[in-house]
Structure formats: structure tokens, C-alpha cells
Amino acid sequence: EKYPLWASWREEVIATSRCQGSLRTPYGRRVHVPANSAATAGPARLAQSTARDIFMDGVLRMDELGLTKHLRLMLHDEVLMSVPIREYEQFAARTIECLSTTWTPPGLKFAVPIEASAALPGSTWADCYRGEK
């Protein structure tokens with residue numbers, strides 16, 4: 001009752017999942033959904049797959065700027081990069097710019113701001129999360 005738009009979206013996703021066995025992300029990518037778990041897997045897979053598509057758009061923007069040659073790992077919604085320490089601020093700013101965006105869900109009039117941030121530099125992945133910004 002409090003979120004009727006979300007509730008109707010969820011019911012539509014469940015029905016489509018059960019009937020078709022798959023969903024299409026707003027980017028057009030097909031996502032398989034088993035009919036017997038449509039109520040839980042449908043909305044979750046569509047949301048997670050759309051988030052992945054948005055993230056990959058950011059990675060493609062990184063590639064356009066030549067940043068992906070420093071990319072070592074993509075994990076969920078994070079990128080791990082190896083860059084010279086003296087250039088950390090420049091790389092961090094450019095990466096944040098590429099991964100931050102505003103996304104408008106199809107058929108809706110509102111936009112969702114997606115803001116990236118950078119962890120501190122470190123010689124190991126764990127170092128990056130000590131004393132986070």
C-alpha cells in the first residue's frame with residue numbers, strides 16, 4: 001500500500017517470469033528465471049542484472065578514457081586498479097566520473113542518481129579499506 005509502483009512492478013515481473021521463463025533488462029539483455037522461483041528470483045535477478053548493466057556502462061566509459069589497462073579485477077560493483085601512487089588522485093577522480101551516472105527507469109519520470117566513490121590507495125586490497133574516506 002505504501003509503495004504501489006514498486007508492488008505493481010514486482011507483480012508484473014513475477015508474471016512475466018512465470019510465463020516466459022526469462023526477463024529482459026532495460027538494456028535488452030535476457031535473464032533466465034526458473035518458473036518455480038519466479039516470485040523471488042524474478043525481481044532479484046532483474047534488479048541485479050540491471051545494476052550489472054549500469055555498472056558495465058561505467059566500465060565502458062572507463063575504457064574510452066584508457067583506464068581499463070589499469071583494471072585488475074571487477075567484483076560486483078567494485079573495480080580494483082593498479083596505478084602509480086603519485087597519480088592516484090587523478091585516476092580516482094576519472095574513475096568516479098565514469099562510474100557515477102543518473103539512470104531513469106524505463107517508463108518512469110524520475111531519475112536515480114548513482115554515485116561512485118574511491119577507497120584509499122593501498123599496496124593490498126585490504127589496505128584500501130583501512131581508514132576509509
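This is a predicted model: local features need pLDDT of at least 70, side-chain atom pairs count only at pLDDT 80 or more; totals for chains, interfaces and linings use all residues.
Does M62 count as buried or exposed, and at what relative accessibility? M62 counts as buried because its relative accessibility is 0%, where buried means under 20% relative accessible area, exposed over 50% and partly exposed in between, with a 1.4 Å probe and protein chains only.

Residues are numbered from 1 along each chain as its sequence is written, and side-chain values use heavy atoms, with hydrogens and water left out.

The protein has three helices and six strands, which follow one another from the N terminus in the order α-β-β-α-β-β-α-β-β; here helices (H or I, at least four residues) and strands (E, at least two) are DSSP runs, numbered from the N terminus. Taken along the principal axes, the box filled by the C-alpha atoms is roughly 55 × 30 × 30 Å. The radius of gyration is 18 Å, whereas a compact globule of 133 residues would have a value near 14 Å; this radius is taken over C-alpha atoms, and the globule rule is 2.2 Å times the number of residues to the power 0.38. Of the 133 residues, 26% count as buried.

The largest nonpolar core is made up of eight residues, F55, V59, M62, L67, L71, F91, C98 and L99, and the elements that give two or more residues to this core are α2 (38–64) and α3 (88–99). Such a core is a set of buried Ala, Val, Leu, Ile, Met, Phe, Trp, Tyr and Cys residues joined through side-chain atoms within 4.5 Å. A second, separate core of five residues includes V13, L23, V33 and A41.

M62, with which this account began, has its place in helix α2. Leaving aside neighbours within four places in sequence, M62 is in contact with L67, T68, V79, M81, T95, C98 and L99, contact meaning heavy atoms within 4.5 Å. M62 and R94 lie 32 residues apart in sequence, and their C-alpha atoms are 7.9 Å apart in space. L99, when residues up to four places away in sequence are not counted, touches F55, G58, V59, M62, V79, I114 and A116. Over the protein, residues 24 or more positions apart account for 37% of the contacts with a separation of 6 or more.

Another buried residue is I14, which sits in helix α1 (residues 4–20) and counts as buried because its relative accessible area is 5%. Residues up to four places away in sequence not being counted, I14 touches A38, A39 and P43. The C-alpha atoms of I14 and I114, which are 100 residues apart along the chain, are separated by 26 Å.

Two loop residues complete the picture. H76 is found in the loop between β3 (71–75) and β4 (78–81), and H76 counts as exposed because its relative accessibility is 73%. The phi of H76 is near 55°, a positive value in a residue other than glycine. Most residues other than glycine have a negative phi. P84 lies in the loop between β4 and α3 and counts as partly exposed, because its relative accessibility is 26%. Although P84 and A44 are 40 residues apart along the chain, their C-alpha atoms are separated by 38 Å.
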